[in-house]
Every structure is written in structure tokens, then in C-alpha cells.
Amino acid sequence: MPSVAYIAGFGHSGSTLLGDILGTLPDAFHAGEVSALARRLGTPGARCDCGETYRACPVWATALAEAAGQTRMSPSVFEQEAWMDSPKLRLALYRALAVAAGSRVVIDGSKQPSYGFLLAATPGIDLQVIHLVRDGRASVQGRVRRGRRRALRHASEARVLISVVRDSF
């Protein structure tokens, strides 16, 4: 049974850094955002953290071939986002990633609650969720510093969200 440490939260919250740090632990492999696998496989030249393309990466190439073999499908099945709808494919992929990486825990930084829910509903996966939260003020400040015009809209949305949460308690 593969163990998956799922990092949930908003984008630009430090999930890649956290995943990279956790990936240095013995028996842990940081797989990046597994929910974005189809997009990455469909992007020519997209590279894994090891520097190789996903199809040339020793871990990903092995895991994709093994997961496809376990489910009697072609590895190209992972090029379509529909693979995520199959509990058998999800289980096979995480199982194959753990074996190919020689790790007991696969760290997935996908962040999206909906994908985390799919993993939680996958029989055979031991899921642990890490809810990563970034201070909203720092997030808005970072956007302002980078000169993004959307920052004001985000600040307004953050104020509305904060008032809704505050009023509900």
C-alpha cells in the first residue's frame, strides 16, 4: 500500500519548497504536482526535477510503464487528464512511483482539494494530508511587489473571505 503525503493549499504558498525538503528524507520521494502529469507529458521538453524529460527520467519512465502494465493499458493513458478518474490508475501510479523511487512515501504537491478528495477515495492508498497555509497578507504583498495588477482584486477577495470567516464564528 503506497503512502502518499498530499500537500494541500493555495498556489504560491511554498508547496514546492516544502515538497523538496520532505523529499530529502529517507524513504520519501517528491513527485511534484501529480495532478498536472497529463499537462506535463503533453508539453514537449517538460522536465522533471532531475533535469530529464519525464519520458527519460529513470523514476517517471519506469513508474509510467509499470503503472500502465499493472492496468493493462498503454503509458499514453497518462497523457489525458481522464486517468485521474480511475481509482485503479491512481493506485497503480502511486504504487509504481514508490517502487521506482525506492521510497515508502510519495509526496504529492498538487494542492487542489478536489484531487486530494480523489486520492482519499482511492482504496489502497494510505493518505496523509499536509494543509499548507501562507499568511494572506504576505501573498498579497508578494503580488504587489511583482507589480501584478491583479493584486488589488486578490486583496479585495481576501478581505471578503476574512470577513465571512470571522462572521461565521
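The model is predicted, so local features need pLDDT of at least 70, side-chain atom pairs count only at pLDDT 80 or more, and totals for chains, interfaces and linings use all residues. Residues are numbered from 1 along each chain as its sequence is written, and side-chain values use heavy atoms, with hydrogens and water left out.

I start with the sheet. It is open, has four strands in the order 2-3-1-4, and the pairing is parallel. Strands here are DSSP runs of E with at least two residues, helices are runs of H or I with at least four, and both are numbered from the N terminus. Two strands count as paired if DSSP finds at least two bridges between them. Strand 2 and strand 4 (126-131) are the edges, each pairing on one side only. On average, neighbouring strands are turned by 25 degrees against each other, direction ignored; axes are lines fitted to C-alpha atoms, for helices over the stretch in contact, and angles run from 0 to 180 degrees between N-to-C directions.

Now strand 3. With strand 1 (residues 3-8) it pairs in the parallel sense over five bridges. Val4 has Val106 as its bridge partner in strand 3, and Tyr6 has Asp108. Strand 2 is joined to strand 3 by four bridges, and Phe29 also has Val106 as bridge partner there. Seven of the seven residues of strand 3 are buried, meaning under 20% relative accessible area with a 1.4 Å probe and protein chains only, where exposed is over 50% and partly exposed lies in between. Helix 4 (residues 87-101) lies across strand 1, strand 2 and strand 3, at about 125 degrees to strand 3.

Next, the second largest pocket. A pocket is an open set of points on a 1 Å grid over the protein atoms alone, where a 1.4 Å probe fits, with protein on both sides within 12 Å along at least five of seven lines; lining residues have an atom within 4 Å of a point. Its volume is about 230 Å³, the space filled by probe spheres set on the points. Of its 15 lining residues, His30, Ala31, Gly32, Glu33 and Asp49 lie nearest the centre. Strand 2 gives the largest share, four residues.

Which residues does Gly32 touch, beyond its neighbours within four places in sequence? They are Ile107, Asp108, Gly109 and Ser110, with contact meaning heavy atoms within 4.5 Å. Gly32 is in strand 2, and its C-alpha atom is 8.4 Å from that of Asp49.
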